[in-house]
Amino acid sequence: MKVSISGVRGIYGQDLTLNEVSRFSSLFAGVAGEKCIVARDTRPSGRIISQVVSASLMSAGVNVYNLGVAPTPAAFREARKYGAGVMITASHNPLEWNGLKFIVQGRGLFEEELARMLASQPAAGGFGTEHDAGTAYVDDVAALIGSGGAKVAIDCGGGASCGYAEQLFKKLGMKCISINGVPGISSRGPDPTADELADLRSLVKSSNLDFGFALDPDGDRLVVVKDGQKLSPDSTMLLCIARAVEMGVKNFVSSIDSSVAIDRYVKNRGGRIEHSKVGEANVVKKMLETGAEAGGEGSSAGFIMPKFNMCRDGLLAAGTIATLDKKMVADCLAFASQFSQIRSKVPADSSLHAKVIEKLPDMLKAESAELIMGDGVKAIIDDDSWALVRPSNTEHAIRVSVESKAGRAESLFKKMSEKVQRAYDEIK
């Protein structure tokens with residue numbers, strides 16, 4: 001089981017037991033206040049976990065407002081009204097996994113808040129009540145981004161965005177074809193970044209559609225298909241940033257593993273961009289500190305507009321991209337194509353992550369113009385090239401990300417992965 005600012009995640013019935021669900025829910029009740037929204041994605045274990053979460057919160061005197069099956073962005077949006085929320089999801093992990101994502105003041109827990117919660121005692125001894133809840137999330141997204149004439153396909157993967165996505169594109173005035181739109185039923189895997197998305201790619205190409213959009217089970221992760229091919233996460237993020245610039249946004253935050261292209265695009269248009277540690281909550285924290293109006297994680301195409309929603313919002317990102325004109329899309333993709341990113345991981349036991357990271361600066365300093373610490377190790381190689389090595393918050397792995405000019409990224413990734421593996425082997 002992994003516990004981080006990304007939430008609690010584990011394999012249901014093994015490390016994520018109902019006892020653990022109850023314990024974490026009772027700990028969260030101590031910071032939730034009087035009201036809490038509860039929602040879930042379509043995983044098989046979601047319903048029973050939702051019942052345990054609700055019961056644990058009510059036993060601590062918290063009134064539960066149950067949204068049922070709903071995407072994570074809808075839960076975050078509604079949590080602003082109620083003060084707190086619990087989203088039951090393991091995001092893009094395999095379906096046997098599940099987890100809890102905790103929401104306070106419309107955002108995820110910061111690292112120090114998570115530490116305090118985990119060090120507290122479970123709350124109990126109350127008699128909260130449970131109520132059904134609804135959401136105007138789709139209407140709110142449509143009102144924010146306007147309308148357009150794009151033709152799109154949407155693949156919700158049988159997840160919590162089923163119905164929500166179709167409603168959104170209808171409100172935006174766009175032609176929309178839906179596949180894998182029945183909750184709990186899907187012809188593909190839960191992670192659209194890892195799946196080939198063969199059905200969606202074929203549909204976009206054969207029907208001459210402008211875009212295809214694929215979402216993960218809880219709707220915070222988006223993959224875009226254009227001309228029958230999957231776009232990279234950084235290209236997707238750049239399209240969102242371009243639309244935000246059109247909307248008048250000047251101040252941005254992106255995670256430290258985002259593409260150089262995003263920085264240059266913003267600066268070339270008179271904007272300002274700062275960087276955060278990887279992780280949704282870290283990006284949001286930096287946004288609140290700097291007053292940024294948009295940004296996100298390039299590595300996951302996790303677009304965030306904090307005044308609207310303080311989480312990665314796949315449906316907001318899809319609608320935002322779909323309202324761009326064709327020339328802007330072409331210009332952005334041409335600009336992004338100068339750079340190539342590779343992101344993967346080296347399997348490594350979580351207990352050894354810190355020791356591996358400690359060894360890396362000495363191994364990297366000779367070939368780096370600058371080393372940036374604080375979220376693993378980021379080595380700046382030159383103006384166009386960097387490598388980031390950091391421990392995973394959600395898996396027993398060390399993540400290796402690199403970027404360089406097209407054609408140079410492969411050799412840089414191979415070199416960095418070999419160094420990480422060597423460091424891990426020496427420690428073992």
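Which element gives the largest share of the lining of the second largest pocket? I looked it up, and α9 does, with four residues.

Before going on, I noted that this is a predicted model, where local features need pLDDT of at least 70 and side-chain atom pairs count only at pLDDT 80 or more, while totals for chains, interfaces and linings use all residues. Residues are numbered from 1 along each chain as its sequence is written, and side-chain values use heavy atoms, with hydrogens and water left out.

**Entry 1: the second largest pocket**

I put its volume down as about 280 Å³. A pocket here is an open set of points on a 1 Å grid over the protein atoms alone, with protein on both sides within 12 Å along at least five of seven lines, and lining residues have an atom within 4 Å of a point. Grid points are joined across faces, edges and corners, and a volume is the space filled by probe spheres set on the points.
I found 16 lining residues, and Val260, Asp263, Lys378, Ile380 and Trp386 are the closest to the centre. Two or more lining residues come from each of α9 (260–268), β20 (377–382) and β21. Helices (H or I, at least four residues) and strands (E, at least two) are DSSP runs, numbered from the N terminus.
I sorted this lining into five nonpolar, five polar and six charged residues. For the classes, Ala, Val, Leu, Ile, Met, Phe, Trp, Tyr, Cys and Pro count as nonpolar, Asp, Glu, Lys and Arg as charged, and the others, Gly among them, as polar.

**Entry 2: the largest pocket**

This one has a volume of about 1000 Å³. I see 44 residues lining it, with His92, Arg221, Ser299, Ser300 and Arg399 closest to the centre. β18 provides the largest share of this lining, five residues. Elements that supply at least two residues include α8 (233–246), α10 (280–290) and β21 (385–391). By class I wrote down 14 nonpolar, 15 polar and 15 charged residues for the lining of the largest pocket.

**Entry 3: a cavity**

How many cavities of 30 Å³ or more does a search of the whole structure find? I got one. A cavity is a set of points where a 1.4 Å probe fits but cannot get out. The largest cavity has a volume of about 50 Å³. Its lining is Ser4, Ile5, Ser6, Gly7, Lys101, Phe102, Gly108, Leu109 and Leu114. I make that four nonpolar, four polar and one charged.

**Entry 4: α9 again, now with α12**

I went back to α9 and saw it pack against helix α12 (residues 326–336) at about 125 degrees, with the axes 10 Å apart. Axes are lines fitted to C-alpha atoms, for helices over the stretch in contact, and angles run from 0 to 180 degrees between N-to-C directions.
Why do I call α9 oblique to α12? The angle of about 125 degrees makes the pair oblique, because angles under 35 degrees count as roughly parallel, over 145 as roughly antiparallel, 65 to 115 as roughly perpendicular and the rest as oblique.
On the α9 side, Ala261, Arg264, Tyr265 and Asn268 make the contact (heavy atoms within 4.5 Å), and they meet Met328, Cys332, Phe335 and Ala336 of α12. I counted out six nonpolar, one polar and one charged residue in this contact.
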